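Biologist: I'm new to this one. Could you walk me through how to read it?

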Amino acid sequence: MNVYDSNRMAVMLENMGLVKTQNQRDADVVIFNTCHIREKAAEKVFSDLGRAYLIKQERLENGKDTIIGVTGCVVQAEDKEILKRAPYVDFALGPLRYFRLKEVVEAIFNEREKQLLDTQFSAVSKFDFLPENKSESGCSYLAIQEGCNNFCTYCVVPYTRGVEVSRPVEDVLNEAKRLVQTGSLELNLLGQNVNSYHGEDASGKERNLAYLLNKIAEIDGLQRIRYTTSYPADVDDDLIQCHKNIVKLMPYLHLPIQSGSDAILKKMNRRHTRDDYLRVVEKLKEANPNIGMSSDFIVGFPGETDEDFQQTLDVVNRVKYIQAFSFKYSRRPGTPAAVMDGQIDEKVKKDRLQILQDLLFSYQTKFNLDSIGKVMPVLFENKGRHKGQLVGRTPYMQNLHAEVDNSFLNKIVEVRVTDASTNSLSGEVI
Ligand code: 5AD
Ligand code: SF4
């Protein structure tokens, strides 16, 4: 979602006549779009800001000023802290307020405002004010929903991104069509809780994600659809059927379980048990036997025993994820879990994370190795590190490198996989 938001901000600035720089020293405006999900991410912004301030001072010596802005969830959660620790910041906008960017940058530039902070949770949706989205590559994000009402006890999102808002069906379809017309072959529908989507159609009727996916699949020229991130309790049968019936829907689903222990899931305030989750995975695999699963995991949640942790490993052994993201529990101020008894020692968290990641990587590596010799459609999205190399994605989100010229960029091409490691594949175009 932050990548999506950053791209929208870049378009707003480009519409004002600004151009992207490659080097921060050349930039008249520097904006840090921030994440507050774990402490490490939140702390990073303060060191980045410190560096930006040094560059600002260097530039001042050459008679050039720099506007420094901060946007995103750290602003929402730590507005006072930012102004205290980085008083030189010119503006700070919460994640639902960045649609004001043009007006705010102009006000600072023209010295109408000295410093501006806006963290309102407005009644209006940010989506109503965003500039038209154009495709920048063969694969685009499309935000269809924002915010979350789930209040998992460890998570800051409901406090930083606010309550769930779904964009109307027509708005999403118009944006999707525009993205496809301007070159997108793949759309990744985004939302913090994307499968609780309930946008209104033109007649005012609420529609679910399955309806939207079917509509989007009708767009000519679009070849691949993904959606992320889903909440297990909100996967309904309509959505499961989409994995059977919509050919364009990729056979890969990121469905976070967080923990395999019912006791911990309860403390996390997740609205599903371990069995509920496994049943959903089973139904998805019935709908599409080729589906590959991915998940997020948190280890060391308050009160997590060795037995609870074993339950998480057991889920991994059952589902055999082809990819996953795993984190040590991070205590976030203002969330219920931060003040729960039984906070886990850092060393224990570290050890559990290592054990979990070793197991996850073994499945991921096996899946990648099993891909060798297969032919897969790959959407080449970026240039590789070496000249003459492109990097793309398989239907399963695996990164694939191939020695091909730039004419293959932003195209979907059949590739034979020749080599594999834990994190990527190599292949040759056939
Ligand atoms: N500590 C560790 N991981 C967290 N996540 C969210 N909040 C926390 C936290 N306090 C993880 C969850 C979520 C992902 C986006 O970040 O696994 O799915
Ligand atoms: Fe956070 Fe996801 Fe839980 Fe919402 S569902 S509170 S975004 S972890």
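Predicted model: local features only at pLDDT ≥ 70, side-chain atom pairs only at ≥ 80, totals over all residues.

**Reading the model**

Modeller: Let's start with a helix pair: D306, F309, T312, L313, V316 and N317 in α11 meet R352, I355, L356, L359, L360 and Y363 in α12. Contact here means heavy atoms within 4.5 Å, and helices (H or I, at least four residues) and strands (E, at least two) are DSSP runs, numbered from the N terminus. Residues are numbered from 1 along each chain as its sequence is written, chains are lettered from A and ligands numbered from 1 in the order in which they are written, and side-chain values use heavy atoms, with hydrogens and water left out.

Biologist: At what angle do α11 and α12 pack?

Modeller: Axes are lines fitted to C-alpha atoms, for helices over the stretch in contact, and angles run from 0 to 180 degrees between N-to-C directions. Helix α11 (residues 306-319) and helix α12 (residues 346-370) pack at about 10 degrees, their axes 10 Å apart. So α11 and α12 are roughly parallel (angles under 35 degrees; over 145 is roughly antiparallel, 65 to 115 roughly perpendicular and the rest oblique).

Biologist: How do the residues of that contact divide by class?

Modeller: Into 8 nonpolar, 2 polar and 2 charged. Ala, Val, Leu, Ile, Met, Phe, Trp, Tyr, Cys and Pro count as nonpolar, Asp, Glu, Lys and Arg as charged, and the others, Gly among them, as polar.

Biologist: How do I read an interface between domains?

Modeller: The size of an interface is often given as the accessible area lost when the parts come together. Domain 1 (2-118) and domain 2 (132-250) come from an automatic or database domain assignment. Between them they bury about 1,200 Å², 55% of it on carbon and sulfur atoms; that is accessible area (1.4 Å probe) lost on being put together, summed over both. In domain 1, Y4, I37 and L96 lose the most area to domain 2, together 41% of what that side buries.

Definitions and conventions:
Buried area = accessible area lost by both parts, 1.4 Å probe.
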